[in-house]
Amino acid sequence: MTRILSGIQPTGGVHLGNYLGAVRYWVEDQRIGESFYCVVDLHALTIPRDPAELRQETRAMATLLLAAGLDPEACTLFVQSHVPQHTQLSWLLECTASMGELRRMTQFKDKAAKGGEEAARVGLFTYPTLMAADILLYRATHVPVGEDQRQHLELTRDLAERFNTRYGPVFTVPEATIPPPGRGARIMDLQEPTRKMSKSAESDQGMIGLFDEPKVVERKIKRAVTDTDDGPDAVRFDPDTKPGVANLLQILAAATGGDPAEVATGYRRYGELKAATAEAVIELLRPVQARYRELEADPATVDKILRAGAERAEPVAAATLARAMDAIGLLPAR
Ligand code: ATP
Ligand code: MG
């Protein structure tokens with residue numbers, strides 16, 4: 001049976017890349033088999049966070065996922081820290097992974113480079129084993145993520161296979177489901193179109209926040225970096241030589257359900273392309289923002305959904321953890 005799991009960090013700067021690369025597919029596929037989606041608050045601790053803000057943003061992210069269309073009747077939505085098995089299995093996987101393979105993770109290199117590796121938290125280094133635990137606990141067959149998570153998914157598969165070979169068949173080896181190129185897999189920063197749009201970017205001018213008002217969306221897209229050959233036929237989908245234009249085409253195509261190269265044929269000048277992209281994004285976000293405002297007024301309901309989600313998730317996680325602990329040779333407590 002298909003079992004889907006994916007997660008998102010509770011960071012205020014949730015952006016169009018998260019939506020087009022991951023969350024909208026969660027919503028589309030939530031009724032295929034069984035699906036689990038979690039707000040990964042423990043992952044958010046890998047960089048400095050204000051406690052009150054983290055708490056508030058965890059609920060806000062859950063609210064946003066519901067606003068985007070996750071249906072608690074169809075899927076299991078929960079908060080990672082509410083299910084204690086995630087950190088427990090993570091330890092077993094830390095004892096399965098090697099320093100060398102974690103050191104090769106580009107996300108660690110990129111994120112640690114910001115404050116210097118010496119100051120980086122150990123959790124930032126071991127992040128991929130916690131992510132592997134998130135996935136393996138639910139014996140997920142499919143993990144819908146953006147292109148940036150491909151390497152972590154490969155590691156998860158390697159750890160699952162290694163563990164199974166050494167100790168017996170405990171884990172399901174999951175597959176990453178990444179959107180095809182140009183279909184939202186990797187939305188780029190509007191100001192620096194060779195970097196992915198990211199929650200932890202230094203400036204928010206290159207990212208479209210899911211809460212951005214229409215005027216802000218319009219302004220950010222109007223100022224998006226393109227290139228200087230704005231003549232007739234300058235609108236072409238060529239990510240290598242025209243990354244800024246390709247990114248706008250990818251956004252417009254993903255928002256309207258088309259193919260970026262085909263969409264390109266409908267526009268001649270950058271101004272027209274930008275106006276159409278802004279309008280498509282504004283229309284895409286409008287219903288999500290409206291629903292968010294409704295749900296936000298009722299935090300008790302959101303908390304109740306999250307409690308019910310954790311109650312459904314925990315027995316599944318506990319069963320896998322128990323098998324893993326037994327297989328690795330830990331003496332049962334009772
Ligand atoms: P951070 O930079 O702090 O890691 P993030 O923007 O990568 O934040 P995450 O919570 O780590 O956000 O990722 C949530 C999901 O969004 C993941 O599936 C990830 O692959 C996807 N995603 C993140 N950025 C992009 C992007 N620019 N384009 C497409 N998908 C993305
Ligand atoms: Mg990320």
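Predicted model: local features only at pLDDT ≥ 70, side-chain atom pairs only at ≥ 80, totals over all residues.
Contact here means heavy atoms within 4.5 Å.

**Entry 1: two helices**

I looked up which residues bring α3 and α13 together. From α3 I found Arg59, Ala62, Thr63 and Leu66, and they meet Pro299, Val302, Asp303, Ile305 and Leu306 of α13. Sorted by class, the residues of this contact come out as 6 nonpolar, 1 polar and 2 charged.

Next I checked how the helices cross. Helix α3 covers residues 51-68 and helix α13 covers residues 299-328; they pack at an angle of about 85°, and their axes are 10 Å apart. Angles of 65 to 115 degrees count as roughly perpendicular, so α3 is roughly perpendicular to α13.

**Entry 2: around ligand 1**

Which residues come nearest to ligand 1? I got Lys111, Asp148, Lys196, Ser198 and Lys199, out of 21 residues around the ligand. The shell splits into 6 nonpolar, 10 polar and 5 charged residues. Helix α1, residues 16-29, gives the most to this shell, with 4 residues.

**Entry 3: polar atoms at the ligand**

A polar side-chain atom of Lys111 sits 2.6 Å from an oxygen atom of ligand 1. For Ser198, an N or O atom in the side chain is 2.5 Å from an oxygen atom of the ligand. With Met197 I had to look at the backbone: a polar atom there is 2.9 Å from a nitrogen atom of ligand 1.

Last, I looked up how covered the ligand is. Ligand 1 taken alone exposes 600 Å², and the protein buries 97% of that.

Terms used. Residues numbered from 1 in each chain as written. Chains lettered and ligands numbered in written order. Heavy atoms only, no water. Axes fitted to C-alpha atoms, helices over the stretch in contact; angles between N-to-C directions. Parallel < 35°, antiparallel > 145°, perpendicular 65-115°, else oblique. Nonpolar A, V, L, I, M, F, W, Y, C, P; charged D, E, K, R; others polar. Near = heavy atom within 4 Å. Polar contact = N/O pair within 3.5 Å; in protein donor to acceptor, adjacent residues only side chain to side chain. Areas by Shrake-Rupley, 256 points an atom, 1.4 Å probe, with all protein chains shown as cover.
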